[in-house]
Amino acid sequence: MLSQIPLSYFLIVSTLMFFIGVYGFLTRKNLITILMSVELILNSVNINFVAFNRYLYPEQLQGHFFALFVIAVAAAEAAVAIAIIISVYRKFMNIDVERVDTMKH
Amino acid sequence: MDFLTLFVVVPVLTIIAIVFTKNMKQTRLVAAVGMGIQLLLAVALVFMYLAERKAGNTSEMLFSHSYVWFESLNIKYNIGVDGISVAMILLTGIVVFTGVFASWTVEYLSREFFISLIFLSTGVFGFFISLDLFTMFLFYEVAVIPMYLLIGIWGTGPKEYSAMKLTLMLMGASALLLVGILGIYFNSNAGGGELTFSILEISKVHIPMAAQRMFFPMTFIGFGVLGALFPFHTWSPDGHASAPTAVSMLHAGVLMKLGGYGAFRVAIFLLPDAAKEMSWFFLILTGTSVVYGAFGAIFQKDLKYINAYSSVSHCGLVLFAILMMNRAALNGAVLQMLSHGLMTALFFALIGMIYGRTHTRMINKLGGLMKVMPILAVSYVIAGLANLGLPGLSGFVAEMTIFFGSFQYTDVFHRVLTISVAASIVITAVYILRVVGKILYGPIVNKEFLKLDDAHWYERLSTGLLIVGIAGIGIAPLWLSDMINESLSPIMHQLLNVIVK
Amino acid sequence: MIDFSFTILIPLLPLLLFFVLGLTSGKMKPVLSGYIGTLGMFATAAMSYFVAFQYFFNRPAGAEAFEKIVPFNTVWLNLTDKLHIDLGVLLDPISVMMLVVITTVSLMVHLYSMGYMKGETGYSRFYAFLSLFSFSMLGLVLAPNIFQMYICWELVGVSSYLLISFYYEKPAAVSAGKKAFIVTRFADLGFLIGILILSYISGTFDFVSMTDPQGALITQGTPLTFMGLSALTWALALIFVGGAGKSAMFPLHIWLPDAMEGPTPVSALIHAATMVVAGVYLVARLFPLYYFGAPDVLTIVAYTGGFTSLFAAIIACVQTDIKRVLAFSTMSQIGYMMLALGVSGYGENHGLGFTASMFHLFTHAMFKALLFLGAGAIIHAVHTNNMNEMGGLRKYLPITHITFLIACLTISGIPPFSGFFSKDEILAAAFENNKILFFVEWAVAGITAFYMFRLYFNVFWGKNTNYKHTPHESPLTMTLPLMILAFASMVSELIPFSKLVTSDGLVLHIQTEWIIVIPSVLVGATGIVLAWLFYKKESAIPDKLVTTFATTYKWSFNKFYMDELYLFITKKIIFKRISQPIAWFDRNVVDASMNGIAWVTNKMSDSIKGLQSGQLQKYGYVFISGVIILAFTFVYVWFK
């Protein structure tokens, strides 16, 4: 069943996801949203990994493993990032990136 | 370890010891002990040097050692002293030691303060013992950088501005200087052989004229900025005015001498042909410095500004004498460096002490201090008299030697310059007596002053030592002048070669 | 001849006293420091007298000319290969004579000050400064080379400065000290440049070889010229500028009247008897050089002296501050000495002016010190300097009165007092040489008698002012010096100057010229009589004269506005036109251009700093846009 769906469909989805992520990353001011955008980017990469692995080298599993790694790293990253965001929030009562600029001056 | 390296090691050890002190009292005690040892070393060096010379050692540099520390570029830690550097080391020893006592009551971050101060002195001592251009430059930078922190953190008034200005101008100068030094380095194999930074080796080869023409102005201006060469002197009034006492003392007393010493040791000694050729231009600049600084000082209202302009004038005289390039004038230049170093250190120390009591440096707000603080006032008068060249004090000896040296030229250009520079002694008298009359004499202008106390023991120690130095040179200059004189032979040899050609 | 090498102690003893008194100042009992200072000075004076006796009178039989002896000399500093500065002692007739003058007056002043300065704050400081001055002055006269003279020249200048501003809480004293120092310093610049030139020409600082009439400098001169005049002329003219500054010759005299702000004993010692004659001494010291090397300069010396003596005498007639009258009188008398040197010849009985000048220097030192110390005693008694507030003091101050009268008669040139003889010799020398100057000086002698007796009658006779406290005679410490000096003024003509102090060291034969003596006594007597008429009793004549010659009086009273002229030059020109613009230029042009460089750098970085906002999102935006653009370009180029 899966083989009826061409590879390019996956790529289109992942590209869309990637650019949605990039767009969010560049335009959102809220740290949480930015984090979510980063997750979107990472997941779009995951889709690519899995899709390419399945379609191009079905007998190998590196792509899957790599996707799993990415998920694990993303989870760790989310944990750290959210911790930072929480402490930033506690400090400034705010998680708007443009207003957390004490270090800049 | 050789003896001269001790001059770098002792300050470093003192710094390490200071790191472990707990409060201000311990810190300053350690600093005083360390710098006291340093002063004793300097005195010992003078005696060792004289003994060695007496024993018939006629080599150009004594106690010299050389360690390679960057093989591929032939950079060496090459040290040695002649009579001139010995004298400068003694001066530095005295000024740093008295500087520690002048900052006896620095409470804010005292540990960091003394560390920076002593770090600065390390650079100065290192500079005077180096015989390798690169090492010399390195120590020069070591001396300049702490200045920024010292003025920026412990200064008064617009300290950030002044610190920034001073550091940037000196950095700009050292950029020029670096290019000049590299230029000398890349031409140092003119006679065949490898490139070298060693001053003694370079002095033996003849650097091509084209290169000399290019690099002489760079090195001379590079060092000249530090010696407050007109028109690059404006860092000095602002810098001195904002700097804390000890830093002003060290800066005007010693650091500005790095300029004169460097111009002498590098610009003139290594590039004599270009120096001869271009001296007229720089003579005009330095002559302007002398007269201009003196006139500038008349109109100032802040004691430190007066002194800063006076330093511009006197350091201008050092550079002026160096450019005259004959034995008497060069001798006078070195004497003037010593003399100005001591008396300006005394001046800044006293200004700091007066400021510490009255909280003002404006001459129109001061008056009648002779009544309340006679010791400080008398010391101030002595410093003033030394500054205006009273016989029996050091300034006179130096100025006279310079004037007589410069007057040996027979052409009208040099004569006119010499006479106009000599005229500055009258202007100096005007601004010195004006200040003395305004702030020390006259009725007490502020009732608050009656409560002020006279010098404490540490202040007496520091001013007393400086006065002894000033009077010592002034009364018995012969040994010092002879010590400098015989060390001038190599440079005179260089210059004579030029004339012959 | 005995060994004179101990003479080095003569200046060194006061130096030692200076250090002792200076360092213990404030810790020692004031009276004690007075005793130490005076005793030390006494020892110095005793040594000087001994030297003078040995030098002048204990000579080997058959010795003709007085030799120049250098008993002590040591190198102080090597300047160039040939030139070195020595410190030492030179004994010749004029230096030995000056030794006597200085130590005598100094001893008197030390003694006098024990009474005069009693109870003043800074009593020991005063004695320390006096010792410093004595050291410098003795060093100056004993100098065997011109450079030591310059060194001591500066040192007497600074001692004078310190002593004038002794009452440092009084603004007038402070500014007077400053003025004295700066004006003389300005003149000293001339001296210094003169020394530079002279030493360059002659290759030595040494007086003996410089002034030797058979020496190279005088016989060969120098080929160097500048603006048509020989370098030697320039050098000597500039050196004379230095001497004129110290000796308060017109137009460098303005500091001397103000210097009277100092304590009166100081005025007596420094500003009447010793330091102010240093200029005369300098010219006398270099006299052969002036005479043979630069006769034109000697003419300038003569006219400067003549003009100053007239100028100062006129001003002295209208001043009301007694010390200022004496100050102008000092200027006038020094003018006499300068003039005498200026008209003098050298050797073989032509050197009358030289001898007269030195003779007058000696007698003037005695009677002028006496006048100042007497004035001090008067001021001490009535607490004012203004002679209009005095009168009738002869009853209260008998000793002062008699000694003052003797001094007045001496300065007026009335025989048989010493001033008559010395002034007479000067007039004779002028008569021989320059008739115009002779008449000027003859007139000045009359004016001198007039203003001195104007002072005398105003103070000791005339109206009886009601004093708050009854004036009383000063203690013995003050009157004793007066009596000694009065005695010296009366008898110093007994010293055979024409045998001892001459231009070439040989005996000078003088005849008395009645054609000069009689008019000069007459003019002096006329001056006294006029003063007697005007001022002995209250009289309307002076006021009438003032109204008749109102303009002249005003100009003279204001010292011909010389002070104002100098003030204009210093304040308006140097301060406002040079110094202030330079200060402004430094801040607003030189410094501003440095700041301008910084400003430009700053602006440039400012204009591009927006790119480095620190916002990752912006960086990301640029980055991704860049990647996309690159990607499209790449694709476009690749698949074209």
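This is a predicted model: local features need pLDDT of at least 70, side-chain atom pairs count only at pLDDT 80 or more; totals for chains, interfaces and linings use all residues.
Trainee: Okay, which pair of chains shares the most contacts?

Mentor: Two residues are in contact if their C-beta atoms, placed from the backbone, lie within 7 Å. No contact joins chain A and chain B, whose closest C-alpha atoms lie 17 Å apart. Of the 2 pairs of chains in contact, the one with the most contacts is chains B and C.

Trainee: Which helix of chain B gives the most to the side that touches chain C?

Mentor: On that interface, 43 residues of chain B are in contact with 38 residues of chain C. Helices here are DSSP runs (H or I, at least four residues), strands are too (E, at least two), and both are numbered from the N terminus. With 6 residues, the top giver on the chain B side is helix 18.

Trainee: And how many charged residues does that side of chain B have?

Mentor: Ala, Val, Leu, Ile, Met, Phe, Trp, Tyr, Cys and Pro count as nonpolar, Asp, Glu, Lys and Arg as charged, and the others, Gly among them, as polar. By class, the side of chain B that touches chain C has 28 nonpolar and 12 polar residues, and its charged residues number 3.

Trainee: What about chains C and A: how many polar residues are on the chain C side?

Mentor: Here 6 residues of chain C are in contact with 6 residues of chain A. The side of chain C that touches chain A has 2 nonpolar residues and no charged ones, and its polar residues number 4.

Trainee: Is B:Ser481 buried or exposed?

Mentor: B:Ser481 sits in helix 20 of chain B and touches B:Asn331, B:Leu335, C:Leu77 and C:Asn78, leaving out residues up to four places away in sequence. A residue is buried if 20 or more other C-beta atoms lie within 10 Å of its own, exposed if 12 or fewer, and partly exposed in between, with C-beta atoms placed from the backbone. B:Ser481 has 24 other C-beta atoms within 10 Å, so it is buried.

Trainee: How many residues of helix 12 of chain B are buried?

Mentor: Helix 12 (residues 303-324) of chain B has 22 residues and reaches 32 Å from its first C-alpha to its last, close to the 32 Å expected at 1.5 Å a residue. The expected span is 1.5 Å times one less than the number of residues. This helix is largely enclosed by the rest of the structure, because its buried residues number 22 of the 22.

Trainee: Moving to chain C, what percentage of its residues are buried?

Mentor: The secondary structure of chain C comes to 26 helices and 4 strands. Its C-alpha trace spans about 130 × 65 × 55 Å along its principal axes. Of the 640 residues in chain C, the buried share is 54%.

Trainee: Are helix 3 and helix 16 of chain C roughly parallel or roughly antiparallel?

Mentor: Axes are lines fitted to C-alpha atoms, for helices over the stretch in contact, and angles run from 0 to 180 degrees between N-to-C directions. Angles under 35 degrees count as roughly parallel, over 145 as roughly antiparallel, 65 to 115 as roughly perpendicular and the rest as oblique. The axes of helix 3 (residues 93-116) and helix 16 of chain C come within 10 Å and cross at roughly 5 degrees. That makes the two helices roughly parallel.

Trainee: And how are helix 1 and helix 2 of chain C arranged, roughly parallel or roughly antiparallel?

Mentor: Helix 1 (residues 9-24) and helix 2 (residues 30-57) of chain C pack at an angle of about 175 degrees, with their axes 9 Å apart. Their contact has 10 nonpolar, 5 polar and no charged residues. Helix 1 and helix 2 of chain C are therefore roughly antiparallel.

Definitions and conventions
Residues are numbered from 1 along each chain as its sequence is written. Chains are lettered from A and ligands numbered from 1 in the order in which they are written.
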